[in-house]
Amino acid sequence: MAQTDMDTCEDGGDSAEPEMIAQASVLGGFSESIEVRLLITSLPEVHENTVTREIALERFTVIMDHYQEQPHLLDPHLEWMFNLLLEVIRNKQSPPLLVHMSFQFLYIISKVRGYKVFMQLFPHEVADVRPVLDLVCQQDPKDTETWMTRYMLLLWLSMTCLIPFDLARLDGHLTSDPSQTREPIMDRILSVAKSYLMVSDKSRDAASVLVSKFVTRPDVKLRRLADFLDWTLTSISQASDQTMEGTVVLDGALQSLAQLFKHGKRDDFLQYAPVVLQCLEQRRLSESSQATLRKLGIKVIQRLGLTFLKPRLAKWRYQRGSRSLTANLSLSQTGSKVEAITPDMETQSTDEDYDIPEDVENVIEQLLGGLKDKETIVRWSAAKGIGRVTGRLPKELADEVVGSVLDCFSFQETDNAWHGGCLALAELGRRGLLVPSRLPDVVPLILKALVYDEKRGACSVGSNVRDAACYVCWAFARAYEPTELKPFVTQIACALVITAVFDRNINCRRAASAAFQENVGRQGTFPHGIEIVVAADYFAVGNLTNCYLTISVYIASFPEYTRPMIDHLVALKISHWDGVIRELATKALHNLTAQAPDYMATTVLPKLLLSAVGIDLHGRHGAILACGEISHALYKQASQNNRPVTDLISSDCVEALKGIHQKLSDRKQYRGFCGELMRPAVCSLIEKMALSKFPFNNNPVITGWQWLVDDTLKSLHLFSAGTRDSIKGAALAALAALCEQYYQPQPGLADPQTQELLVSQYIAGLKSLEVLTRCGSALALGSLPTFMIHGKLDQILSGLRQTTSQREVNLTEARRDAAKATAQVCVTAGVSSQGCPDSVVCEGNISMIYRTLLDCMSDYTLDSRGDVGAWVREAAMSGLMEVTLLVVSTAGHLLTPDLVTGMMCSLAQQSAEKIDRYRAHAGLVFLRLLHHDPPVPHIPHREELLSIFPPEVAESLNWNAPSQAFPHITQLLRLPQYQYHTLLGLTVSVGGLTESTVRFSSQSLFDHLLLIQQDSDALGHISDTLLRVFRDNLRNDRVSIPLLKMLDQMLARACFDSFTTEQDHPFCVDLLALCKEEIKKSKDIQKLRSCIAVFCGLIQFQGKVRTKVLFQLLLLLCHSFPVIRKIAAGQMYEMLLTYDDVIDPEVMDDVLALLSDTNWEEDIATVRLHRNQLCDWLGVQKPQLVAKGP
């Protein structure tokens, strides 16, 4: 029943799913037949060249693989493909490589179509025996490149063995020369088969097929069967499964036995069966560590069991009247009754009580043991064996087998036994061997298997058991008449629906959905079957959240399924080991409460309250969450009738809900790992009870709840990183709900004492030594409702601003959450132009708010995790957008040009930077503000921005893609007020490390510079801005190193070519001075390397500055770092070749020779001599050593 997971795409719109479905059944025929014919006919030309040979083979493989799921489409074309390839093989002029390639093509076809069908195409005339046998004998079994050839030849040889003539007749054609040894063909074929049964490649499988065809021939059977079986059993007895060679021998021998006993006549093999069984018993294959050997052992044993028993059709087996779905549906519509089919008695054995050999009991025992094997392939083979053997047993013995299978469903057995038992029951039911009288015993076990789940360590086992149980239900739908399953319809339907909707494993949900659909179609008795099949189809049940929160509500609207679904959630899913399932189950109970409110209030809630203070951690966690969700759902039901929630929930339950926190606190269950689950659960309970307006005003329990919230926010550092966010979120939600319900004695008016206590407590928490306590306190301030902020806004904003201004590395998270809280507090407080600064956002505090957030936009803190300052910048961007939109919609005149300009320029800088996520966020905020209605006032260059980012571009622009973002961003360089910040952001991107970002940002920048080459004013503005960026970020490695890299690219691309004609252009002079200052006393290799490249680019400028540049380069030739000396020499060499007018041509060769031939990594004294020689040749003053001060 397990089906392959199919990825469902939600981003592709409505057209995604139809396309996917169409692709699954698009093949209507063999459409590539012409291309395949060309490929085959071109083999003689392409086989000699390795490249063309591999291309042809790969293309042929790709074409054939398309038909893996519909191989029958190849049938009309198999013959001509086979004949074309066989013609190449039979041609004596074909080189060995071409023959091997032809066999490769044959193997690929047989792999797709299946060897049983394909091998029938091989010619099997008498004349083919010897040539094929000779070809096989010529092969090298150790050649790893030609195993496909050997595989196909062995299949061909097995077909030639079907000739109806005695093979001894072929020996007459051998030479009669007595000096030559005569070896009969029979012996040669048997020798080939034996040798290939011991190889390690796939030829071993073909050799077992050859054995089954050859040894079962009448002439071979008489002369060689006993000897071959003796050889096989000897190999099995002597081989060891602990070595690779022994495993291969055992595999080949067991495969040959399985094929022989499958295809041979029972009368021929019956006398050998006890000996083979005894040998296998002594070999104890069931204890082997090799799953393949255990599987083959089970296959051989089941074939031995079928050999012991006469082929017969059991008279007692159950037969459904009609297995045609079309017939069932047509008869059900006309009201006709399906007549049972009576088996033809002539095909049955008249002796029902014939003697059963004792060995059969041994066979069945081993098959039952195989059902408990740890590997699925072994259990599946054993289940099929149980079904086949049971079909030949008398009814009483068969019933004993069924009873033994049912013993697998004991809770003392492992999940492997349960899985094997399900597979066996499905096989028995499918074959009619599970009589209806056994259904009362079987169905309860299957219902248990549908919910089988055992925790093992951090996960669980049992998904394969549930999947197999769905297969049993699917098989029963096809096997039994509706009247037989009618007593169990409700149980099976509810169990399948529950599995389809609530199972954790997607394969199990889909298997249950398929089984339910099969029962609806075959049985026609499942309640509301069609409606449920439509709602819970294969694709719908793929999304777990959708199953729990949407599909379950629809199905629960049918009364037959309501209580079973609720009971299942309460009994099993509330205490599930997976926290996600527990949380989804509680939300599902919330949604299902409307279907059965009385049942929830009187039965479910009291049961959950007992579990909420129980000893099981997971059960306690789920029960507390469920109590909150159900209470809130009952409140919604009561509020529809204008009744309080206490009218639906009994006073005992209310008291129990109120006492949960105190009991957990008394038991100290808020500590450690237990506390990581209990704290968010109880916080969620507090939130739901506050939202449900339980009458707890002035009750001591409120103090306990507030203590829990405060203690949780103070103790965040004690919890693991994975659970910290969920705990914090639950505590903040509880705080907001508590304040809203219990801390305002009158609407809109806070309790002064509580307000003062909470606000001062959280502001004090902003100064805690624990950074996470600062985070919790900041977010707590942001979660306070309006009436709690009233009169305290200035105090809160000052505390948050102080937190954002502390730039220590370890306080990054605190700054991030303080920036978030600042925006939240402002949005909660509201805007009023004439309001009090201590209560609302107004003219008196708006500048401080924006300064706080804009300062956060310049946070570039780095630590071992990378650019953690980006967290703060992201929070600040979101905060600016929220506050700005609020102000614009209420009192837009409060926004001054300076505030808006600073905000938009900062956003422009962020939208030009290198990290995709934050660039995208900044870009979206920028466009949201630009296109907002009502418009944000005072946006600089609004019209030009709207032309760069029209509405249609704003909707489709993917800021995450550098190829789309940077061509638009670089257009801001032509707007004076955005130029500095945009260039600052581009600097980091162009000089970055990410290949795609560097490529598209630099290309966009250079395209813009190319456009302004003829505009001296624009180029001058850009150069001045570049120098300003450099000057403002001197020795700020985050900007200066990428800036040097960008300048190197600009100079190499001659972006400032118009400046080079002017003597000592100010840009060059200032840039040289800034570079000298940047690398002064620097030991940063990367920075020095980049600066050398810039110096070499500056050499193209005219005037005295050129001499100064040469002096700096010559100075670096004697740098204390050998690697810098070597880099400087190499760069100078390339520079002099590029700009050949820099020095006198007469000394050019000498300078280049000295630069290239000198080992610049030698000691500094030697290098200095060479450097001074260069100074003399270049006419540059020799650098003088400066004595270090005392």
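Before I start: buried means under 20% relative accessible area, exposed means over 50%, and partly exposed is what falls in between. I also note that this is a predicted model.

**Entry 1: Asp1024**

I looked up Asp1024 and found it in helix H51, which covers residues 1016–1032. Its relative accessibility is 48%, so I put it down as partly exposed. Then I checked a partner from further along the chain. Phe1067 is 43 residues away in sequence, yet its C-alpha atom and that of Asp1024 are separated by 7.5 Å.

**Entry 2: two threonines**

Next I went to Thr970. It sits in the loop between helix H48 (962–969) and helix H49 (976–990). Is Thr970 buried or exposed? I get a relative accessible area of 4%, so Thr970 is buried. A polar atom of its side chain lies 2.9 Å from the backbone oxygen of Phe966. I then skipped the neighbours within four places in sequence, and that left contacts with Leu986, Ser1004, Leu1005 and His1008.

My other threonine was Thr982, which is in helix H49. Its relative accessible area is 0%, so this one goes down as buried too. The Thr982 side chain reaches a backbone oxygen as well, that of Tyr978, at 2.7 Å. Not counting residues up to four places away in sequence, I found Thr982 touching Ala908, Ala912, Ile969, Leu972 and Leu973.

**Entry 3: helix H2**

I wanted to know which residues of helix H2 (residues 33–41) are buried. A reminder to myself: an α-helix has 3.6 residues a turn, so residues three or four places apart point the same way. On the other side of H2, I noted Ile34 and Leu38 as exposed. What do the buried residues of H2 pack against? I listed helix H3 (43–46), helix H4 (50–65), helix H5 (75–90) and helix H6 (96–113).

**Entry 4: H28 and H29**

Last, I took a helix pair. To describe two packed helices, I need the angle and the distance between their axes. For helix H28 (residues 544–556) and helix H29 (residues 559–573), the axes come within 8 Å and cross at roughly 140°. Angles over 145 degrees would count as roughly antiparallel, so I call H28 and H29 oblique to each other. On the H28 side, the contact is made by Tyr548, Ser552, Ile555 and Ala556. H29 brings Tyr561, Thr562, Met565, Leu569 and Lys573. Sorted by class, I have 6 nonpolar, 2 polar and 1 charged residues in this contact.

Key:
Residues numbered from 1 in each chain as written. Predicted model: local features only at pLDDT ≥ 70, side-chain atom pairs only at ≥ 80, totals over all residues. Heavy atoms only, no water. Axes fitted to C-alpha atoms, helices over the stretch in contact; angles between N-to-C directions. Helix = DSSP H or I, 4+ residues; strand = E, 2+ residues; numbered from the N terminus. Parallel < 35°, antiparallel > 145°, perpendicular 65-115°, else oblique. Contact = heavy atoms within 4.5 Å. Nonpolar A, V, L, I, M, F, W, Y, C, P; charged D, E, K, R; others polar. Buried < 20%, exposed > 50% of the residue type's maximum accessible area, 1.4 Å probe, protein only. Polar contact = N/O pair within 3.5 Å; in protein donor to acceptor, adjacent residues only side chain to side chain.
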